[in-house]
Amino acid sequence: MSAVLQYPPELLFAVCAHVYAAGLPPFTSTLDPIALRDYGIPTGLPSSMPPGNCPEPVVRRTLVNLCLVNHAWHDAAKPWLWQKIEVRLPRSWLGLLEEITGGEDQSTADNTALAVEQSIHAATKAALASTTLPGASTDEDALQKWKESILETLSGPDGSIPPELLSPPASRDPSPRRLRAKSKSPARWKIMRTISDAVQNVMERNEPGFYGNDPFPSFVPRLNLPTLHDSRPGRFVQHIDFNHFRTIGMRRSVEESMTSRFVTGERVEALLKEMPNLTAFGATEYMDGALTLLVLNELFLRGVLSRGRGRASRGRGVVSNASDSDLEEDDCERRRECKYIEAVDFTGCVSAVFVAALAEFVNTHLLPHDGDSSGSEDEERVDARRSRSAVVRFAREEPLAFPGLRRLCLRGVKSIQPDILTPFVLAFPSLTHLDLSATRVTPELLDALGNSPARLRSLALARCTRLTGESIKDFLIGAPAAARIQELTLYGDQTFPSPLSTEDLIEIFTHAPCFTSGELTYVDLSSAPVTKELLLDVCRPQPKLRSLGLSYIPQLELKAIATFIKTKAVNVEVLTLISTSPELDWNRAGTGMGALRGSARQASIALHTQIIGPLCTPPYTSILSLEPIVPQAPTRLRVIELSIPALVGLGVGAGSWRIIRSKGGRGWYVDTASGWVSGELQRQLSADHPLRVEMERLAHANGNVSSGVGWHARKMEVLHGHGMLGREDGLYGAVSFAYQG
């Protein structure tokens, strides 16, 4: 143990960093559901069995054990243990709030004074330890002298900490002057920064030129200043989401659910203020009532440009009086020291509170305001406008822009009107991932987005009823923002079919850079009028395509699909054929009890003879060959999504092919003997292979699986940046793999 204590903190921190990195999935996904059991040592490669990364519970348990070794390991492992937070249960949410913000009464004067006293004592010990030779004992007199020097610096005329906070609560003199004082205590971040500056000044005064970073080149070695100890772990958090948060099953009445909410706007705002390094935030419909205007301000108005996003030091806030002005300046100053938010997921957030807050946020920060009033207004409205203009602290010349945000998901946010949605999306010029599925996106938004500086890599426009085929065609062909798209979904179904026409598809396949470059890895053209000629004669080869959606195309023949995959997209692993092709559609024709278009047996035979046989079966090899030959299938196809009636007609499957159902209404016909093993796609796995055993277990579950089981996601994964090929569970996983629509 004594040898461990002598290791430098940088080495311990690097060890913990490698432990945390062991739980990160490889950049290239295997497309298979994540197995939570222990199946061997991770490979670090795209592999399902053995896994490519350690399970997250194992990583967190390892970091927890390292925190219990000693103080040195605790300080090294704690930042990685707090880097990612997933809020799951209401009680754990309250405990998290208590740990990071200090509880509901964290802003009282006594608690603030106590925090100041503890911070000064810790800073004094750290400063004295950095100036003392290793192994030497610290003198109490020296400690007291250092503390007095720091207090003297803090109590100077330029000090931002009130004098009443520099003495502990027990030693204060309850004079009438102090009891009458109404000024608020400074924010905790300002207190910590002020104490750190005071320590630096004292050390520079005692040892000039020996500590700190020298802005000029010098050959004299300089020591780093001691970092101020902060007991709050909020500064370590970079990711927080409510994907697994539920209040169902707590036996709460309707009144309690309305009046005693766990996740409120005030609590979320207080939490975000303690997270200066937050880069990813995920919300759901179970807590969207807490997404108030103040919460949105804390999310987006971050970074060094929060005062004006590129303009000289000018603010953007609308204030009503002097106290609000001071508060706004403090908030701007604090936010300037925060990192930009890089990823935001608002999937399914449709509450009236969120809709109103987003509208107010857009009207306040993103839309230009006219300074002149129209002549038709009466004098009262003119006077009211003038009075409101008088309380605007700084002028607004142009809308804000948020260059830090790169990934945005608004899937299912149906209540946002186009006049609010358009400026909100256009305020992010650095977008690479954008999911606008099932929203009120308009052709005007696509046109403006095409001329923006954004360079999209992943785009989702599924079930967007207000888009036209011409607007999608013009965007994909002529927009610079769409030239580098690698993942594209234009999914439509029988309820909301695709607006594209055959002529639009011809133009897109011929001229759109994303289709002509051959860089696509995910494409969904469900319900679009795709024909045999388009696939075989017009569409360019897609050598990198891994997941292909061709559902709800009733006139497209299976033979044309098989020929396209075999000749132009041999790396496709997942194919969706829900209600596609007359050979598979054996439902009742029309809305009534019409004639059958086929039988279940004929559909099963057509699927095996026209798709599985030609594409997934290795060719026959003679046993008389002198050299060992490992037969390879013509393509990598191993998962086919079908409609529920078609899956019922397949029975229990044939050979190694089994039916795996999701938690909702989707289902897949899966080759359980195929999968990624140690970075290589292998077929004909043995019956006792762990991957095949796991797939057989999912097939026998008959839909009693987690929400993260499935293939060909319908929702974009934005919090980690994996896009349409990413994998999620919880409510996000249900939207991706469980829901049929």
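**Entry 1: the nonpolar cores.** I looked up the largest nonpolar core of this model and found that it holds 135 residues. The model is a predicted one. Within this core, I noted Phe300, Phe346 and Leu476 as the residues with the most contacts. Helix 23, residues 600–616, supplies the largest share of the core, namely seven residues. I then recorded another core lying apart from it; this one has 28 residues, including Met49, Ala343, Val718 and Met724.

**Entry 2: the surroundings of Phe346.** Leaving aside residues up to four places away in sequence, I listed what Phe346 touches. Among them are Phe281, Ala283, Leu291, Leu296, Leu299, Phe300 and Phe354. The list also includes Cys409, Leu410, Arg411 and Val413.

**Entry 3: helices 3 and 4.** How do helix 3 (residues 56–67) and helix 4 (residues 71–81) pack? I found an angle of about 150 degrees between them, with their axes 8 Å apart. Angles over 145 degrees count as roughly antiparallel, so helix 3 is roughly antiparallel to helix 4. I noted that the crossing of helix 3 past helix 4 is left-handed. On the side of helix 3, the contact is made by Arg60, Leu63, Val64, Leu66 and Cys67. Helix 4 contributes Trp73, His74, Ala77, Lys78, Trp80 and Leu81. I sorted the residues of this contact into eight nonpolar, one polar and two charged.

**Entry 4: Arg235.** I located Arg235 in the loop between helix 9 (188–206) and strand 2 (239–241). Its relative accessibility is 27%, so Arg235 counts as partly exposed. I also compared Arg235 with Cys338: they are 103 residues apart in sequence, and their C-alpha atoms are 9.7 Å apart in space.

Terms used: Residues numbered from 1 in each chain as written. Predicted model: local features only at pLDDT ≥ 70, side-chain atom pairs only at ≥ 80, totals over all residues. Heavy atoms only, no water. Axes fitted to C-alpha atoms, helices over the stretch in contact; angles between N-to-C directions. Helix = DSSP H or I, 4+ residues; strand = E, 2+ residues; numbered from the N terminus. Parallel < 35°, antiparallel > 145°, perpendicular 65-115°, else oblique. Left-handed = near helix turned anticlockwise from the far one by under 90°. Contact = heavy atoms within 4.5 Å. Nonpolar A, V, L, I, M, F, W, Y, C, P; charged D, E, K, R; others polar. Core = buried A, V, L, I, M, F, W, Y, C linked by side-chain atoms within 4.5 Å. Buried < 20%, exposed > 50% of the residue type's maximum accessible area, 1.4 Å probe, protein only.
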